[in-house]
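Good morning, and thank you for the time at this meeting.

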Amino acid sequence: MSRIVMGIESSCDETGVGLVRLHDDGTVELLADEVASSVEQHARFGGVVPEVASRAHLEAMVPTAQRAFATAGLELSDVDAIAVTAGPGLAGALLVGVSAAKAYAAALGVPLYGVNHLAGHIAVDTLQHGPLPAPALALLVSGGHTQLLRVDDIAGKITEIGSTVDDAAGEAYDKVARLLELPYPGGPPIDKAAKNGDPTAIAFPRGMTGPRDARFDFSFSGLKTAVARWVEAAQRRGEEIPVDDVAASFQEAVADVLTAKAVRAATESGIGTLVISGGVAANSRLSSLAAERCEAAGIELRVPRPRLCTDNGAMIAALGAHVVAAGCAPSSLDFSANPALPVSTVSL
Amino acid sequence: MLVLAIDTATLAVTAGVVSVDRETGAARPLAERVTLDARAHGELLTPHVLDAVGDAGHGLADLDAIACGVGPGPYTGLRAGMVTAAALSHSLGVPAYPVCTLDAIAASAEPGEPFRVLTDARRREVYWADYDAEGRRLDGPHVDKPAELTPAARVLDHEQPTPLGIVEAAKAAILSGAQPDPLTPLYLRRPDATEPGTRKRVSTS
Ligand SMILES: Nc1ncnc2c1ncn2[C@@H]1O[C@H](COP(=O)(O)OP(=O)(O)OP(=O)(O)O)[C@@H](O)[C@H]1O
Ligand SMILES: [Mg+2]
């Protein structure tokens with residue numbers, strides 16, 4: 001008998017409610033994926049303001065859930081289990097989703113699973129590409145995270161093999177966009193500008209690629225500073241900033257380091273599948289370069305469609321479904337959200 | 001009828017069940033669970049709701065209405081109570097009525113002179129509202145420094161509302177059978193956020 005899993009996400013600035021069907025053969029089918037975003041309210045601050053995000057979650061939570069059930073054509077009573085992002089994320093934002101999920105679980109009399117947001121970003125791929133081979137390598141690139149993860153079991157065993165030592169890749173996009181006077185969030189406008197630019201125009205540094213650097217860690221803060229220096233120097237010379245070339249050259253540096261390290265990690269560990277997820281996975285150059293390099297190395301590349309890569313409730317429902325299918329014990333109703341939940345804790 | 005009372009606008013995590021006579025309006029508390037811990041709203045509220053309803057000899061499906069404190073409150077936990085009430089209302093199919101937390105405290109006042117209700121707003125400020133001798137709100141809710149307030153004849157500085165007070169404050173609306181007002185939080189303060197100024201230069205020369 002198939003089971004319906006509801007997923008609730010509120011770790012940052014999107015309120016997401018997803019509904020999936022877990023089939024008996026373990027496949028997970030997407031039924032609804034409703035998101036309310038407060039991103040526009042943060043734009044003028046150049047980054048997410050936690051109190052603004054939390055206020056928006058409170059307003060949006062139940063209406064988003066109502067839309068999800070309407071889209072899926074399901075009743076609340078059809079739900080068999082609920083999963084909610086327990087962390088990592090903003091404390092006040094997580095609190096709203098966790099509190100709502102507990103109330104829904106108590107009222108519907110169904111088990112509740114507090115799950116890991118980062119694992120959700122990986123699990124969401126199974127909605128589009130089917131079961132994940134094990135082991136798989138995941139490159140998680142978002143506004144808050146940049147990590148290389150070994151996934152032996154999406155429902156239980158995820159190990160970090162590298163991460164950024166400073167800025168996340170998405171954060172670098174957002175900061176460079178500000179420098180170039182492009183709107184927030186910076187990923188999409190830089191991606192767009194880069195299409196008209198020359199990626200070889202400026203040789204920006206590739207962080208953490210020296211012989212003594214940690215092989216699977218990343219650093220983007222030096223790159224961001226290099227872009228700032230270059231722009232300031234051009235301004236001092238009274239030159240107009242070639243925004244398209246700067247964007248393309250910056251983007252090339254990011255995509256180069258991310259894909260080189262991911263492919264090397266997969267090759268060295270004998271892993272045949274790479275999943276790239278998180279908001280930055282929507283980047284056109286990152287996916288084309290990854291496709292090129294994975295093909296050359298004989299690695300299967302899986303990149304979920306952009307809608308699934310940014311924060312949403314479907315990814316949490318999908319992870320919840322895998323956790324349910326694995327027979328994991330539900331969380332107790334008195335668990336607390338953990339803003340710093342490590343990726344090794346897939347469910348509480 | 002059976003009413004669930006919730007409030008997380010103060011440091012207390014408050015859940016209780018109150019029975020209200022539809023004819024006379026007489027309200028009687030049946031069970032409550034209260035924990036004083038400003039960091040436990042997200043952890044304990046739903047367990048407290050389940051325990052209070054269970055102690056009252058009922059299940060969640062027996063509830064007829066929810067009354068929920070909507071602040072003002074200085075803790076991020078205010079939203080835990082409100083979203084819990086909203087989600088319970090959605091999933092149980094019962095109305096959720098908003099209550100100003102200061103009104104819920106005022107509902108427990110002894111009759112007599114007009115009075116003021118104060119709660120801690122942190123940052124050396126208080127939330128306050130003034131009431132007449134019958135407990136009707138005349139002014140507020142506001143947030144101010146205590147030194148800026150005019151003197152009041154009588155001051156109630158209970159730290160948190162009781163489940164009975166929460167339900168008393170919502171009772172007229174509940175008994176009227178009207179559509180509840182939306183559950184809108186009384187923040188009284190703007191979020192702390194500053195727009196970025198001009199960017200710092202990274203070059204030294
Ligand atoms: N086409 C794109 N190219 C590059 N970056 C992009 C693109 N589209 C979105 N981004 C970036 O993705 C980030 C948002 O992604 P996401 O919503 O997954 O992150 P988050 O929720 O902020 O962080 P986290 O998931 O780590 O908590 C932003 O930094 C944005 O600039
Ligand atoms: Mg995310």
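This is a predicted model: local features need pLDDT of at least 70, side-chain atom pairs count only at pLDDT 80 or more; totals for chains, interfaces and linings use all residues.

Residues are numbered from 1 along each chain as its sequence is written, and chains are lettered from A and ligands numbered from 1 in the order in which they are written.

Let me start with chain A. Its domain assignment gives domain 1 (3-124 + 312-325) and domain 2 (136-304); such bounds come from an automatic or database assignment. Taken over C-alpha atoms, the centres of the two domains are 27 Å apart. Between them, 13 residues of domain 1 are in contact with 18 residues of domain 2, where contact requires C-beta atoms, placed from the backbone, within 7 Å. On the domain 1 side, helix H1 (39-43), helix H4 (117-123) and helix H12 (313-325) of chain A each give two or more residues. Helices here are DSSP runs of H or I with at least four residues, and strands are runs of E with at least two, numbered from the N terminus. The largest share of that side, 5 residues, comes from H4(A). By class, the side holds 9 nonpolar, 4 polar and no charged residues. In this scheme, Ala, Val, Leu, Ile, Met, Phe, Trp, Tyr, Cys and Pro are nonpolar, Asp, Glu, Lys and Arg are charged, and the others, Gly among them, are polar.

I turn to the ligand. Which residues come nearest to ligand 1? Of the 22 around it, they are Gly143(A), Gly144(A), Gly170(A), Gly187(A) and Gly279(A); a residue is near if its C-beta atom, placed from the backbone, lies within 6 Å. Helix H6 (169-179) and helix H7 (187-194) of chain A each give two or more residues to this shell. The shell divides into 6 nonpolar, 13 polar and 3 charged residues, and it draws at least three residues from each of domain 1 and domain 2 of chain A.

An unreviewed UniProt entry lists "binding site" positions, including Leu140(A) and Val141(A); such annotations may be inferred rather than shown by experiment. Leu140(A) counts as buried because it has 28 C-beta neighbours inside 10 Å. The term buried needs 20 or more other C-beta atoms within 10 Å, exposed means 12 or fewer, and partly exposed is in between, with C-beta atoms placed from the backbone. Val141(A) is also buried, with 30 such atoms.

Next, helix H7(A). Its buried residues are Gly187(A), Ile190(A), Ala193(A) and Ala194(A). Seen down the helix axis, they fall within an arc of 135 degrees, so they line one face of H7(A); the arc is that of the directions from the axis to the C-beta atoms. Their cover includes H6, helix H9 (243-269) and helix H10 (284-297) of chain A.

Finally, chain B. Here 31 residues of chain B are in contact with 37 residues of chain A. The largest share of the chain B side, 11 residues, comes from H2(B). That side has 18 nonpolar, 7 polar and 6 charged residues.

How values were computed: Two residues are in contact if their C-beta atoms, placed from the backbone, lie within 7 Å.
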